Amino acid sequence: MGDEIGIEFPGLRADWLSCECTEHRSDQGVGERLAQLASRLKGRQAVELRQQQVPAAYRSFFRLIGVDPDQQPTPIEQAVLGRLLSGGNQPQDRISDGLLLALLETSVPVIAFDAGLVSPPIAIRSAERGERLSGRAVSPGSLLLADTEQPLCQLFQRPEPPLAAGRRSERLLLVAVVVAGVSAIASDEALTIAAAAISGS
Amino acid sequence: MAVLLLDHRAGSDLLPECDSKLDERAARSTLHAQIAQLDRLLSATFCEAFPDRLELPKLRAGGPRIQSLGELELLRDDLIGSLREARQALLTRELERSASRELLAAMLLDPAEHRRLRISQRELGVGGCGVWSVAPRLGPIGRLMGWWRVKLSSGCPLAT
């Protein structure tokens, strides 16, 4: 983590965990858990979500980094809105399902990279002048997730191919962005849930 | 002695810059804490004032970045404004509910004076979707005889 960011946002960090993904089709058990979680979610819970500790921590952090959470919802609020709009948590593939399950269970967002293309440790830093991400220029000062060699994606954005884990990825690197007010247990739980759902263990 | 003097001079030159950095750090830290607290208050007030209002995102904002001191101050001021609006909405709604409760009390005391009046549970700030209304006993006969009473409809069975 860049010193400047560490001082500005104490408690902000990226945690990561690697896991295998030998089967990419949706797992029935994970699909059932997603359906159970969907059945518990109603409009009232979606509104009240912002008062819970972990979602509130991400919401506050979004404001501090210049992102209005009412315009660009935090990952958990986006997932809950998606469930309300689509009428359920539709299974997609094993990776997406595992990441969604971890998010809905813990409110901590987890993203997945192809482990073969990423070199941990993963850090959070500001974009430098002239830096590019997936071929596009990034405005200097934007907050990025980066490994030892390259920027990976903007903070709280989904990674893009080829870095993003996809159908050909057999080994994944799961990354959780943790902000102040979110316990290490919540982050560990999110990574573990996602890894277990994806690897099928 | 000369070395000591030089050290002292160098230190005194650096001091104001160091102080200003510490001041800015302290100001930023205070603003962060204020913004977090305001956001919590706003969330709580919003949930109380608009428990069933779920706003869909309007447009994508700029990317994540470290904000300047001025931007943090603007954000803090915006949140104070939003909190004030939410509290005002809450107060207005409470006044409306209070008026509805008073009207219901008057209806119960003298139904004939409040013929055909309807007040929903929602207007009273009570859960469910029942409606209080003044209706005649025994239909047309009651209407002709002036036998008015207050009824509470059972509401929608699916409402919680």
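**Entry 1: salt bridges across the interface.** I began with the charged pairs between chain A and chain B, and the rule finds three salt bridges across this interface. For the rule, a salt bridge is a side-chain nitrogen of Lys or Arg within 4 Å of a carboxyl oxygen of Asp or Glu. I looked at E8(A) with R25(B), where the closest N and O atoms are 2.7 Å apart.

A note on what I am working with: this is a predicted model, where local features need pLDDT of at least 70, side-chain atom pairs count only at pLDDT 80 or more, and totals for chains, interfaces and linings use all residues. Residues are numbered from 1 along each chain as its sequence is written, chains are lettered from A and ligands numbered from 1 in the order in which they are written, and side-chain values use heavy atoms, with hydrogens and water left out.

**Entry 2: the rest of the interface.** I then looked up polar contacts, and ten residue pairs (both at pLDDT 80 or more) make one across the interface of chain A and chain B. A polar contact is a pair of N or O atoms within 3.5 Å; within protein, one must be able to donate a hydrogen and the other to accept it, and residues adjacent in sequence count only if both atoms are side-chain atoms.

Which helices of chain A each supply at least two residues to the side that touches chain B? I found α1 (3–8), α3 (43–48), α4 (53–64) and α5 (75–86). Helices (H or I, at least four residues) and strands (E, at least two) are DSSP runs, numbered from the N terminus. The largest share, five residues, comes from α4(A). By type, the residues on this side of chain A divide into 15 nonpolar, ten polar and nine charged. Here Ala, Val, Leu, Ile, Met, Phe, Trp, Tyr, Cys and Pro count as nonpolar, Asp, Glu, Lys and Arg as charged, and the others, Gly among them, as polar.

For the totals, I noted 34 residues of chain A in contact (heavy atoms within 4.5 Å) with 30 residues of chain B. The two chains bury about 2,800 Å² between them, 59% of it on carbon and sulfur atoms. Buried area is the accessible area (1.4 Å probe) that two parts lose on being put together, summed over both.

**Entry 3: helix α4(A).** I stayed with α4(A) and checked its length. Its twelve residues should span 16 Å at 1.5 Å a residue, and its end C-alpha atoms are 17 Å apart, which agrees. The expected span is 1.5 Å times one less than the number of residues.

Is this helix enclosed or open? Eleven of the twelve residues of α4(A) are buried, so the helix is largely enclosed by the rest of the structure. Buried means under 20% relative accessible area, exposed over 50%, and partly exposed in between (1.4 Å probe, protein chains only). Among the buried ones I listed Y58(A), R59(A), F61(A), F62(A) and R63(A). Just after the helix, G66(A) takes a positive phi of about 80 degrees.

**Entry 4: salt bridges elsewhere.** I counted 18 salt bridges over all chains. In one of them, D27(A) pairs with R94(A), the closest N and O atoms being 3.8 Å apart. D27(A) lies in the loop between β1 (13–20) and α2 (28–40), and R94(A) in helix α6 (residues 94–106), so the pair ties together parts of chain A that are 67 residues apart in sequence. D27(A) is partly exposed at 29% relative accessibility, whereas R94(A) is buried at 11%.

Next I looked at D70(A) and R59(A), whose closest N and O atoms are 2.7 Å apart. D70(A) sits in the loop between α4 and α5 and R59(A) in helix α4, so this pair ties together parts of chain A eleven residues apart in sequence. R59(A) is buried, with a relative accessible area of 1%. Shared partners join R59(A), R63(A), D68(A), D70(A), E77(A) and D39(B) into one network of salt bridges.

**Entry 5: chain B.** Last, I read along chain B and found four helices and three strands, in the pattern α-α-β-α-β-α-β. Buried residues make up 28% of its 160 residues.
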